Amino acid sequence: MAACEVCGNDYEKTFEIHTVEGARHTFDSFECAIHQLAPICEHCGCRVIGHGIQVEDRFFCCAHCARESAVAGSEKARDAVATS
């Protein structure tokens, strides 16, 4: 068994996430993985669980937050949903 690096729970069904940079993380739940690894919106501070929007090297939870940040080029940010 391995312990979750966020909550410390020693659990038989922990899982590992390997990042592109080569780091390894052990978690007992997706909740703990999100808490540790999900990016933080640079405007409102929430954890970005969905796709988010990247403008330059900055990451936002939605187009509204990107536009509110006044980063160059962010005025063109739009949330889009494909239609059939």
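Helices (H or I, at least four residues) and strands (E, at least two) are DSSP runs, numbered from the N terminus. The structure is a predicted model, in which local features need pLDDT of at least 70, side-chain atom pairs count only at pLDDT 80 or more, and totals for chains, interfaces and linings use all residues. Residues are numbered from 1 along each chain as its sequence is written, and side-chain values use heavy atoms, with hydrogens and water left out.

The protein contains two helices and six strands. Their order along the sequence is β-β-β-β-α-β-β-α. The protein has 84 residues, of which 25% are buried (under 20% relative accessible area; exposed is over 50% and partly exposed in between, with a 1.4 Å probe and protein chains only). Its accessible surface is about 6000 Å², and carbon and sulfur atoms contribute 50% of that (Shrake-Rupley method, 1.4 Å probe; for residues, only the protein chains shown count as cover). Contacts are heavy atoms within 4.5 Å. Among contacts with a separation of 6 or more, 12% join residues 24 or more positions apart.

T26 belongs to strand β4, residues 24-27. Its relative accessible area is 17%, so T26 counts as buried. Beyond its neighbours within four places in sequence, T26 contacts A2, A3, C4, E5, T14, F15 and E16. T14 lies twelve residues from T26 along the chain, and their C-alpha atoms are 6.5 Å apart.

E56 sits in the loop between β5 (53-55) and β6 (58-60). E56 is not a glycine, yet its phi is positive, at about 55 degrees. The relative accessibility of E56 is 57%, so this residue is exposed.
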